[in-house]
Amino acid sequence: MWEQQLVNGLVSGGVYALFALGLTLVFGVLDILNLAHASVFMLAAFTALLVVDQGIPFPIAIVVATFVAGLLGILLERVAFRPIRDRADSNLSGLLTSIAASIILAAGALAFFGPDAYRYPRGSLPDHTFAFANVRLTALQLLTLVLSVVMMVGLKLLLDRTSFGRSIRAIAEKPLAARVVGVNINQTIAGTFFLSGALGGLAGVLYGLLFNTMTADMGDTILLKGLAVIILGGMASVTGAAVAGFVLGLVEVFTVQGIGSEWRDAVAFGVIFVILVVRPTGLFGLRRVREI
Amino acid sequence: MGLEVFFEVYRDLFGQIGIACLYALSIYIVLAAGQLSLAQAGFGAISAYTAVLLITEQGFAAPVAITVGIAAATLAAGILALPLLRLRGVFLAIATIGFGEVVRVTLNNLEITGGASGLTGNLPKVEVWHIYAVLGICGFLLARLAPTGLGRSLSAVREDETAAQMQGINVRSVRLIAFLISGALAGTAGALEANFGFFIGPAQFGEQRAIEILTFAVIGGVTIWYGPLIGAALLTLLPTLLRDSGVDEGWVRLVLQGTILLLVILFLPDGLASLLPRRRQKVPAPSDDHIATQPLELRTESVSRHFGGVTALHDVSVHLRPGRVLGLVGPNGAGKTTLVNAITGIVPPSSGRVLIDGQDVTNMPAWQLSRRGVARTFQNLRVFTHLSALDNVLAGTVRRLPRTYFSRLLFLPHARKQEHEQAARAVTLLDLVGLAGKEAIRGDQLSYGDQRRLEIARALASNPGLVILDEPAAGMNANEAARLVGLIRRIAETGRSVVLIEHNMSVVMKASDDVAVLNFGEVIGQGTPDQIKTAPAVVEAYLGA
Amino acid sequence: MLEIKDLVVKYGQAITAVDSVSIDVPEGRLVAIVGANGAGKTSLLSAVAGLVRPFSGSISLLGADVTRLPSHKRFASGVVLVPEGRAILTRMSVEENLRLVTADPEQAFDRFPALKARWTMSAGTLSGGEQQMLALARGLLSDPKILLLDEPSLGLAPIMVGQIFELIEELREAGTTVLLVEQNARKALTIADYGYVLDTGKVVLHGPGRELAEDDAIVDAYLGGAALSA
């Protein structure tokens, strides 16, 4: 049975990791915790649903929704983060404006979709199941695993090998250095937010596909899991977020087996606590002091 | 409609506003100390459930149960403080949100707390006027806090913890006190809330509530105690106002809330309370009395400091006799500030000893050293930017402030008199450093040179026996520098030892009795100014051969 | 090449860091700016590089007004700053640091052979002098029309300081236009074609480098009081 749990844990871990990577990117570059990320997660899930509702096959819906989420990220940056970027207390102000943005976006979702739960139309999603060893894996679970790993690898390659990625890393370490090498700061930050939104949005779409239930408040629980992941992985570490996402997924699944599913959500918070007390820099975090 | 009917219909609303205001006060106190703690909803839950269970299960009388509930919340705050107190900013916010959620999930899952359906059957025992009476008392207690030692310590800690430490403020204990008060206030809110209505459930106390309380504080502003109350009242009224205007949909309220919050952060960062007129700070005339000080003797013995592979200080031994001025010179990066950090307890040495009047103080924390009589200014200015010049200096006196809180609560005249005396002495210091007439100006509105002077006044405020000035002449022209020399000599003559770090050689040579020269972390010369200024090693270090 | 006219730089409303300064840097020349800490030298260079917006005044490069040009465009037009403290990316390798500015980082090997040995190592492991070399290499490989150097000798051992100044002199001989800010006044003025002394944001002295280097008036203005003699 544990092999099945392992697979389940990895699948949900993949979603957590994707979501957390979006948070990590923004935190690394701007030192801001973007709590509106959960709203992007939720809106992307609904976007995919809307697309499929028009009769368009779900793979295209995934791409469209992810792209729209990226654009939403750029919009967020422009409206909520750029105006406060130069303030001395920008990380606090940014947290607060992200809260304001998430309230407004949540209101929008409530207005359009109401409090009801939505499902994908019958027959629009695949229902094959693969069985091997002791494990049953649905097509959607497999898709989630594959996509999350592909995106993580892709992100690492982008950051390590491309000049855009180098610019992002430069700003994250030392904005002054980025400026003296001619990096277009505004453009690079906008691009980072596109990536961040796309990652969070893809996580939302996959989550919606996996559980086939979309509500206007589905971002709430994922946000806290995302926070647990970035704390566990180290606040600005991409590798950390990826690994910690899977770790959280696994820990949750095995804890639920142990103490029951009502405590599932408490696992993430327990993790947050333990890490903050014992090793605040997280598994992969560096002792970061933001340099000018 | 008649007044009685009005109050009946709106009973719930008024009660909710009062409760929200109590929560607002509870987040005010932690934000005033610079801590982004979002644990209020969690504390409220602990208090609420404790109180209700004591009443329904154990038959306690309401006032007793409520008191126990508040105690429970305060105890929880104390326990939570242990691991959380060293967290800052976003990390503290995340940890406290996490705490709140753990409380909520636990309440959701336990049988004794009724699970997700919560507890019902507890008849309301609390009336609207009870809530407002308690609110009034709590508000009063907080309002009288501002000019006291604790009040000033809170602002100092919020502004700059390192500078606060150097003024003798025990930062850790101040943060703990704020945390405990927050727990007590949130507990009060929760216990009253639980007994005001028929029902409590875990959903009332989760992350949503915690963030809502934060928005009270942001919209109202935290620069003064009643700021968050404005936010609380406004946001709690909003749904009723909307409904009464015929707007029923919940999302409209959310859009308004979010937009108001965004607009306030972007355009009115000090909150709505900043729109209200504030009483001008009274600036008294300078006082004449002088408090005697004993100058301290300073000796460092083979102090070294390494950072990773870099040796910032190597085997540094300097001696400052009481009442003398020791100039400390050397090129940028020579280790002067590192040495001063070692002496003042900010970054203790890796090896070697620091002795003050013969006492080994090597690993004493900064705030204790400050109480021992050591004060300093900072190379990278650490002025309390949001406080007036006068308040900056008064923040330096917290260790000497008499305990006026209880007198203030009773509006006794002797409190006012003592504060006046302190302020007068502060004005004297500001005059001494050349800031006469600028007492009411905010720290960040002063020119660079004036901010440097302000730091000196603040350092002197704690009546130190040893004053360390770190590049006080930076940004001064020749005239100002000459006046600075006079000031330094006067400081020494009034019974203090002075360490002076400076690049401006003219200032160093004229103000110092002895000079020590550092280069690459080592002392390359020590003697009188005359001896030093012709030493070839020094000339080479400074002008470059 | 570079004309700074009546430049005023303020921080907030209260602090005037640069107070109506005018400086000319002719093409191919090395101009030095010296002065005490807090005199405004770094603020001046930051404004030229586009890192801070001046309050008033103008900056022109080859006759074109660049005062309002954002920093990345200024970089593209050839204004390259090597900031105080180097601003090296310690988490990237030496090679990556150079790749930020050029597709052919190996050009650096000619002038900076020491970097070759550390090519793939993280820049954080380099010594202070090596980091300064890296910063200079990065500046040069950015194809500058004018190179702004902010305190390149800061915190370096005397031997390294000598090497750095030798390098700067070589650059001047090769025709690179350089604006050099230094606390090591004598060294800077000795190699400079022209020099300016700043005090609390204003130019108090200026003249040909050699003359200023031997002028006791700068000892007064800069170090305050003829207390030190060479």
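## Around Leu500(B)

Skip the neighbours within four places in sequence, and Leu500(B) is in contact with Val325(B), Leu326(B), Gly327(B), Leu328(B), Leu469(B), Ile488(B), Val508(B), Ala511(B) and Ser512(B). Here, two residues are in contact if their C-beta atoms, placed from the backbone, lie within 7 Å. This is a predicted model, where local features need pLDDT of at least 70 and side-chain atom pairs count only at pLDDT 80 or more, while totals for chains, interfaces and linings use all residues. As for labels, residues are numbered from 1 along each chain as its sequence is written, and chains are lettered from A and ligands numbered from 1 in the order in which they are written.

Leu500(B) also turns up in the largest nonpolar core, which has 356 residues. A nonpolar core here is a set of buried Ala, Val, Leu, Ile, Met, Phe, Trp, Tyr and Cys residues joined through C-beta atoms within 7 Å. Buried means that 20 or more other C-beta atoms lie within 10 Å of the residue's own, exposed means 12 or fewer, and partly exposed is in between, again with C-beta atoms placed from the backbone. The members that touch the most other members are Leu21(A), Ala45(A), Ile272(A), Ala24(B), Leu500(B), Leu148(C) and Leu180(C). Helix α1 (residues 2-30) of chain A brings the largest share of this core, 15 residues. Domain 1 (3-275) and domain 2 (298-544) of chain B both contribute residues, so the core lies between them.

## The sheet in chain B

Helices (H or I, at least four residues) and strands (E, at least two) are DSSP runs, numbered from the N terminus. Two strands pair if DSSP finds at least two bridges between them. On that basis, chain B has an open sheet of 6 strands in the order β9-β10-β11-β6-β12-β13, with mixed pairing. At the edges sit β9 (374-376) and β13 (522-527) of chain B, each pairing on one side only. Neighbouring strands are turned by 15° against each other on average, direction ignored.

Arg376(B) has Ile468(B) in β10(B) as its bridge partner. Helix α19 (residues 478-493) of chain B packs on the sheet, touching β6 (325-329), β10 and β11 (497-501) of chain B, and its direction makes about 150° with that of β11(B). Angles like this run from 0 to 180 degrees between N-to-C directions, using axes that are lines fitted to C-alpha atoms, for helices over the stretch in contact.

## β12(B) and its partners

Strand β12 (residues 514-519) of chain B has 5 of its 6 residues buried, so this strand is largely enclosed by the rest of the structure. With β6(B), β12(B) pairs in the parallel sense over 4 bridges, and Gly327(B) stands opposite Val515(B).

With β13(B), the pairing of β12(B) is antiparallel, over 5 bridges. Leu518(B) stands opposite Val523(B) in β13(B). These two strands form a hairpin with 2 residues between them, and Phe520(B) in the turn has a positive phi of about 50°.

## Two domains in chain B

The domain bounds come from an automatic or database domain assignment, which gives chain B domain 1 (3-275) and domain 2 (298-544). Their C-alpha centres lie 41 Å apart. The contact takes 19 residues from domain 1 of chain B and 26 residues from domain 2 of chain B.

On the domain 1 side, α7 (149-159) and α8 (161-166) of chain B each supply at least two residues, and α7(B) gives the most, with 6 residues.

## Where the chains meet

Between chains B and A, 26 residues of chain B are in contact with 30 residues of chain A. On the chain B side, α5 (89-109), α10 (207-220) and α12 (250-267) of chain B give two or more residues, and α12(B) gives the most, with 11 residues. By class, that side has 17 nonpolar, 7 polar and 2 charged residues. In this count Ala, Val, Leu, Ile, Met, Phe, Trp, Tyr, Cys and Pro are nonpolar, Asp, Glu, Lys and Arg are charged, and the others, Gly among them, are polar.

Chain A also meets chain C: 13 residues of chain A are in contact with 19 residues of chain C. Here α6 (163-173) and α7 (175-180) of chain A each supply at least two residues of the chain A side.
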